[in-house]
Amino acid sequence: MDNEQKKKDQKDNQEVEGLDEETLFVVSQTFKALSDPTRIRILHLLCEQEMSVNQIADTLELRQSTVSHQLRFLKNLRLVKYRRAGTTLFYSHDDEHVINVLQQTINHALHH
Ligand SMILES: [Zn+2]
């Protein structure tokens with residue numbers, strides 16, 4: 001096998017093996033985050049504005065404990081962040097890529 005062929009095979013192998021384990025883990029966790037209707041609603045709300053737990057709970061008619069629980073999940077994946085103002089935490093989204101995926105997927109759902 002000549003060198004060119006060897007190089008090409010190595011490149012093909014990389015493309016086949018592709019994603020390393022950590023990347024795969026993060027990607028699957030990200031889709032997991034987006035696989036829950038409540039988390040989708042929260043993230044969608046935070047696309048446009050920052051909101052407190054209270055405001056999110058009121059707007060979506062959810063219990064505060066439910067909202068807090070889901071925000072913790074999203075925070076662990078660094079999909080949301082918060083800013084403290086006195087005793088209130090204001091949440092906003094923290095990842096443009098994932099918001100884009102969400103918006104693309106909503107567009108996908110709407111064209112069916
Ligand atoms: Zn589509």
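This note goes through the helices, the sheet and a few single residues of a predicted model.

1. Basis. Local features in this predicted model need pLDDT of at least 70, side-chain atom pairs count only at pLDDT 80 or more, and totals for chains, interfaces and linings use all residues. Residues are numbered from 1 along each chain as its sequence is written. Helices (H or I, at least four residues) and strands (E, at least two) are DSSP runs, numbered from the N terminus.

2. Packing of H3 on H5. Helix H3 covers residues 37-46 and helix H5 residues 64-76; their axes lie 10 Å apart at an angle of about 80 degrees. The two helices are therefore roughly perpendicular to each other (65 to 115 degrees; under 35 is roughly parallel, over 145 roughly antiparallel, and the rest oblique). Axes are lines fitted to C-alpha atoms, for helices over the stretch in contact, and angles run from 0 to 180 degrees between N-to-C directions.

3. Residues of that contact. H3 contributes Thr 38, Arg 39, Ile 42 and Leu 43, while H5 contributes Thr 66, Val 67, Gln 70, Leu 71, Phe 73 and Leu 74. Contact here requires C-beta atoms, placed from the backbone, to lie within 7 Å. By type, the residues where H3 meets H5 are 6 nonpolar, 3 polar and 1 charged (nonpolar: Ala, Val, Leu, Ile, Met, Phe, Trp, Tyr, Cys and Pro; charged: Asp, Glu, Lys and Arg; polar: the others, Gly among them).

4. Helix H2. H2, residues 21-33, has 13 residues and reaches 18 Å from its first C-alpha to its last, close to the 18 Å expected at 1.5 Å a residue (the expected span is 1.5 Å times one less than the number of residues). Of the 13 residues of H2, the number buried is 1, so this helix lies largely in the open. Buried means 20 or more other C-beta atoms within 10 Å of the residue's own, exposed 12 or fewer, and partly exposed in between, with C-beta atoms placed from the backbone.

5. The sheet. Three strands form an open sheet in the order S1-S3-S2, with antiparallel pairing; S1 and S2 are the edge strands, each pairing on one side only. Strands pair if DSSP finds at least two bridges between them. S1 (residues 51-52) is joined to S3 (residues 88-93) by 2 bridges, and S2 (residues 80-85) is joined to S3 by 6 bridges.

6. Around Phe 90. In S3, Phe 90 stands opposite Ser 52 and also opposite Arg 83. The C-alpha atom of Phe 90 is separated by 9.3 Å from that of Gln 55, 35 residues apart along the chain. Gln 55 belongs to helix H4 (residues 53-60) and is partly exposed, with 16 other C-beta atoms within 10 Å.

7. Positive phi values. Most residues other than glycine have a negative phi. Glu 61, in the loop between H4 and H5, has a positive phi of about 50 degrees; Glu 61 is exposed, with 6 other C-beta atoms within 10 Å. Arg 78, in the loop between H5 and S2, has a positive phi of about 55 degrees and is exposed, with 11 other C-beta atoms within 10 Å. In the hairpin of S2 and S3, with 2 residues between the strands, Gly 86 takes a positive phi near 65 degrees.

Methods
Two residues are in contact if their C-beta atoms, placed from the backbone, lie within 7 Å.
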